[in-house]
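Reader: I have a structure to look at and some terms to learn. Please take me through the words with the values beside them.

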Amino acid sequence: MPLTKPNQQLRRELKDLGLDLEQAASEVLNITKDCRDVDAIAVLKLIAKMYEHADRIAALADEVRDGKVTRAKPE
């Protein structure tokens, strides 16, 4: 079953957000790759969390594609 226009937009937005989050995590990782102190460990933990969130966003986009999640009209 094809997606409705609002659901197509939702999926596109989720995919874009996930990609932006992954790119931000990658940029932060590149900036901190030469750091070797406690701050770097904290940053790496934050980067891991960003990647987890990006994966969750991608999973939500897949659920939209599969029709499990839909965008309802505002009331």
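Reader: Why are α1 and α2 called roughly antiparallel to each other?

Author: First, the source. This is a predicted model, where local features need pLDDT of at least 70, side-chain atom pairs count only at pLDDT 80 or more, and totals for chains, interfaces and linings use all residues. Residues are numbered from 1 along each chain as its sequence is written, and side-chain values use heavy atoms, with hydrogens and water left out. Now the angle. α1 and α2 pack at about 165 degrees, with axes 9 Å apart. Angles over 145 degrees count as roughly antiparallel, so α1 and α2 are roughly antiparallel to each other.

Reader: How do the residues of the contact of α1 with α2 divide?

Author: They divide into 18 nonpolar, 5 polar and 6 charged.

Reader: Which residues make up the largest nonpolar core?

Author: Leu10, Leu14, Ile57, Ala61 and Val64 do. Such a core is a set of buried Ala, Val, Leu, Ile, Met, Phe, Trp, Tyr and Cys residues joined through side-chain atoms within 4.5 Å. α1 (5-32) and α2 (38-65) each give two or more residues to this core. α2 gives the most, with 3.

Reader: What makes Arg71 count as partly exposed?

Author: Its relative accessibility is 32%. Buried means under 20% and exposed over 50%, with partly exposed in between (1.4 Å probe, protein chains only). Therefore Arg71 counts as partly exposed.

Reader: Which residues is Arg71 in contact with, leaving aside its neighbours within four places in sequence?

Author: Contact means heavy atoms within 4.5 Å. On that count, Arg71 is in contact with Pro6, Asn7, Gln9, Leu10 and Glu13. The place of Arg71 is in the segment after α2.

Key
Helices (H or I, at least four residues) and strands (E, at least two) are DSSP runs, numbered from the N terminus. Axes are lines fitted to C-alpha atoms, for helices over the stretch in contact, and angles run from 0 to 180 degrees between N-to-C directions. Angles under 35 degrees count as roughly parallel, over 145 as roughly antiparallel, 65 to 115 as roughly perpendicular and the rest as oblique. Ala, Val, Leu, Ile, Met, Phe, Trp, Tyr, Cys and Pro count as nonpolar, Asp, Glu, Lys and Arg as charged, and the others, Gly among them, as polar.
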